[in-house]
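Open your viewer and switch to the cartoon view. We will walk from one stop to the next, selecting as we go.

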Amino acid sequence: MNLTPSAYALLGLTAIVAFLTAVLTFAVLRFFAAARDTRRSLSGAGAETAFLAAALQEAVTKLKAQERAAATRAEASERLSDEIISSLTAGLLVAGLSGEIRILNPAGRRMMDLGDAASPEDCRRALTELALSEVIDECLSTGVPIVRRLVTLPDPRHGVSHMGVTVSPLFDDHGSLHGAICLFTDLTAVKDLEAQLRLKESLAKVGELTAGIAHEFRNGLATIQGYSKLLDLQALPEPYRPYVEGIRAEAESLGQVVTNFLNFARPAELTLARVELGAVCERAAEEIRAEARGLGGDVDVRGEFGAVEGDEVLLRQAFSNLLRNAVEACAGAAVAPVIVVQSEVDAAQKVSRIAVTDNGPGIPADLRERVFRPFFTAKRNGTGLGLSLVQKIIVFHNGRISVATAPQGGASLHITLPLAG
C-alpha cells in the first residue's frame, strides 16, 4: 500500500507526540517519586527531633525536681538549725575575728539583757560588762579552746551571777581561723547550792562543837540563879539588896542567851508538810502588828505567795524574828515603823521571792556579810542570834537570804524559797 506524503507527515507527527508524552509521563513519575522520598525523609527527621526534644524536656524536668528537693532539704536543714539554736537553754554566740557577733540565740540575749533590736555596739558593750569578751578574745588570739571556765559577773543580770563558759575556735577548710563559738550557761543555782551545802556543814560543826559548852554554861547559870533565889531580899541589909537583884537579872539574861544559842546549835529537824507562805507571813505580821501600831506604824503583807514543802513552826519563827528585828530597828531610830512584806512567785525558776523591808536606819554595806554570824549585833541589848537562826532555818529549807537597802532607806531582807512540787 502506497502512502501519500500527507500520510507520512501525520504518522511522523503522531510518533513525535507519543515520544513527548512518554518523556513527560516519565518526568512526572520521577517528580512524584522524588516528592514521596522527600516526604519520607522529612517525616523521619521530625520524629528524631521530637524524640530529642522530649528527652531534653524530661531531663530538664528531672533537674528541676532535684533542684526543688535540694532547696527543700536545705530549707528544712536551715529551719532545724534555727530551731535548735532558738531552743537551747544555754547561751550560744558566734563571733568573728574582730569580735563582731554573727549569731546570738534568745537564751544568750536574755542572759545579756539584750533585746532583738540591740545594735552591735550594745552587744559588744554587754560582752565587756559580763566579762565574756575577754574569754572570747583569748580564744581568738591563741586559737586554743577554753573549756568550762567559771566567770563571775561583776554586775549580775536577772539573778545570774555565775556562768560556765566554753569557747572553741572556728577553722575553715584550709585551716584558717575565722571566728569562735561560745557556749555559756547559768551556774548561779549551782554556786548557791554549793554555798548552802558549805553553810549547812559549817552550822552543823558549830552546833556540835558548842552545844556541850552551852549545856555546861546553862548548868552553872542554873546553880547561880537557884542560889540567888534562895536569898531572902527582906532579910538582907538594904545596901546588899541591889547586888542580889543584879545577880538574878544577869543570870536570867545569860540563861536566855544560852537558850537561844542552844536553839541555834540544835540540829535542824524539819517536820515537812505543804505550807502556804502567805498564811505564815500574815500570822507572823499579826503577832507584831499591835506593837508596830503602838509605835505609830503598821505592818503590811502584799503580793502573791506560793506554797513550799517545809516546817510551818520554824518558818513562822523565822519571819517573826525578821519582823521583830525591823520593829526594834525603827524604834531604836525613833521612827514610826513602816514594815512591808512583799512577795512574788517566779514560775520560771519555781521559787517564791519575799522581801521584808522597813524604814529604819538600814544596815551598812560593810556589815551585811556579818549580820548572819552568831553573836554579831548592832543593838545594845541584842544577843546576835536572831538573824543567824533565821538564816539557818531558811538554808535548811533549801532557800537563800540576803541583805539590801530598801527604797525608803531602811533594811530589806530578801528570802528565796523553792516552791512545792
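Select S4 (residues 160-171) and S5 (residues 177-186): these strands (DSSP runs of E, at least two residues, numbered from the N terminus) form a hairpin with 5 residues between them. In the turn, click glycine 175, which has a positive phi of about 80°. This is a predicted model, where local features need pLDDT of at least 70 and side-chain atom pairs count only at pLDDT 80 or more, while totals for chains, interfaces and linings use all residues. Residues are numbered from 1 along each chain as its sequence is written, and side-chain values use heavy atoms, leaving out hydrogens and water.

S4 and S5 pair in the antiparallel sense over 9 bridges (pairing takes at least two bridges found by DSSP). Show threonine 166 and you will find leucine 183 of S5 opposite.

Glycine 91 has phenylalanine 184 in S5 as its bridge partner.

Next, select helices (DSSP runs of H or I, at least four residues) H3, residues 120-129, and H4, residues 132-142. How do their axes cross? The axes (lines fitted to C-alpha atoms over the stretch in contact, with angles from 0 to 180 degrees between N-to-C directions) come within 5 Å and cross at roughly 95°. H3 and H4 are therefore roughly perpendicular (65 to 115 degrees). Contact (heavy atoms within 4.5 Å) involves Arg124, Leu127 and Thr128 of H3 with Leu132, Ser133, Ile136 and Asp137 of H4.

Last stop: arginine 109 in H2 (residues 106-112). Arginine 109 counts as buried because its relative accessibility is 18% (buried means under 20% relative accessible area, with a 1.4 Å probe and protein chains only).

Key:
Angles under 35 degrees count as roughly parallel, over 145 as roughly antiparallel, 65 to 115 as roughly perpendicular and the rest as oblique. Buried means under 20% relative accessible area, exposed over 50%, partly exposed in between (1.4 Å probe, protein chains only).
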